[in-house]
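Work through the exercises below with the structure open. Each task is followed by a solution in steps.

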Amino acid sequence: MTPPFILSPSLLSSDFARLADELAALEAAGLSWVHLDVMDGQFVPNITFGPPLIAAMRKTSRLYFDTHLMIERPERYLAEFRAAGSDLICVHAEATVHLERAVAEIARLGAAPAVALNPATPLSAVEWLLPQLDMVLIMTVNPGFGGQSFIPFCLDKIRALSALRRERGLAFRIQVDGGVTPDNTAALLAAGADVLVSGSAFFGHPPYKERLDVFHAAADSKPA
Ligand code: DX5
Ligand code: ZN
């Protein structure tokens with residue numbers, strides 16, 4: 001039996017014209033988290049949505065809002081994202097020179113603090129903050145778009161972070177985002193991941209309850 005994991009579907013691959021229905025369908029399928037990709041056209045080449053849309057969704061959904069900020073200097077907007085209803089706020093280590101201050105601010109606002117690392121960013125960028133974090137997000141593609149392929153060396157990075165967590169006796173979650181599919185699910189969980197983000201490999205295969213079952217079955221299979 002693989003340890004339990006959380007699947008956090010990335011709304012980026014959902015039907016933006018039917019967001020309330022999509023959120024309701026996730027809840028009905030038994031999901032508890034939804035991953036919200038916020039992009040500013042600066043930190044990443046793409047633009048998505050911001051606090052007003054999250055606030056509108058908050059009115060229709062009780063899902064845990066796992067908010068991934070791919071924006072420059074996220075410290076400028078943390079209070080707005082919290083007020084909009086984000087439960088967890090994840091900032092990129094590469095997007096601010098004052099990462100500790102941003103993490104402390106997220107906690108002060110009452111949200112769960114998390115830090116994301118791009119594929120090429122070393123774990124040392126977040127090492128001293130680990131005791132303050134609820135989650136570390138290991139990006140397994142270069143952020144900006146859904147539907148990209150998993151970068152293989154990132155598997156070793158997940159293993160290294162999991163080993164560090166064990167050595168330090170810490171309990172932060174490890175989230176993996178980018179190119180996650182049922183095919184690599186078992187390997188990611190074996191490497192130490194607790195939260196898997198899936199966009200195209202989830203929303204592209206309705207109905208969602210059955211797709212969640214496919215991920216659960218994959219979790220119990222032997223790592224490829
Ligand atoms: C990429 C985003 C991801 C993306 C994942 O920049 O952070 O959350 O939506 O999409 P897939 O699962 O299709 O790689
Ligand atoms: Zn994401």
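**Exercise 1.** In this predicted model, find which residues coordinate the zinc ion (ligand 2) and at what distances.

Solution. Step 1: the coordinating residues are H35 through NE2, D37 through OD, H68 through ND1 and D177 through OD. Step 2: their distances to the zinc ion run from 2.1 to 2.3 Å. Step 3: along the sequence these donor residues follow the spacing H-x1-D-x30-H-x108-D. Step 4: H68 belongs to strand 3 (residues 64–70) and D177 to strand 7 (residues 173–177), so this pair ties together parts 109 residues apart in sequence.

**Exercise 2.** Determine the geometry of the zinc site (ligand 2) from the angles among its donor atoms.

Solution. Step 1: the zinc ion has 6 donor atoms, with angles of 71 to 170° among them. Step 2: six donors count as octahedral if opposite donors are over 155 degrees apart and all others between 65 and 115. Step 3: the site is octahedral.

**Exercise 3.** Decide whether H68 and D177 are buried or exposed.

Solution. Step 1: buried means under 20% relative accessible area. Step 2: H68 has 0% and is buried. Step 3: D177 has 8% and also counts as buried.

Technical notes
Residues are numbered from 1 along each chain as its sequence is written. Chains are lettered from A and ligands numbered from 1 in the order in which they are written. This is a predicted model: local features need pLDDT of at least 70, side-chain atom pairs count only at pLDDT 80 or more; totals for chains, interfaces and linings use all residues. Side-chain values use heavy atoms; hydrogens and water are left out. Donors are N, O and S atoms within 2.8 Å of the metal (3.2 Å for Na, K and Ca); water is not among the atoms, so sites may look incomplete. Four donors count as tetrahedral if all angles lie between 85 and 135 degrees; four count as square planar and six as octahedral if opposite donors are over 155 degrees apart and all others between 65 and 115; anything else is irregular. Helices (H or I, at least four residues) and strands (E, at least two) are DSSP runs, numbered from the N terminus. Buried means under 20% relative accessible area, exposed over 50%, partly exposed in between (1.4 Å probe, protein chains only).
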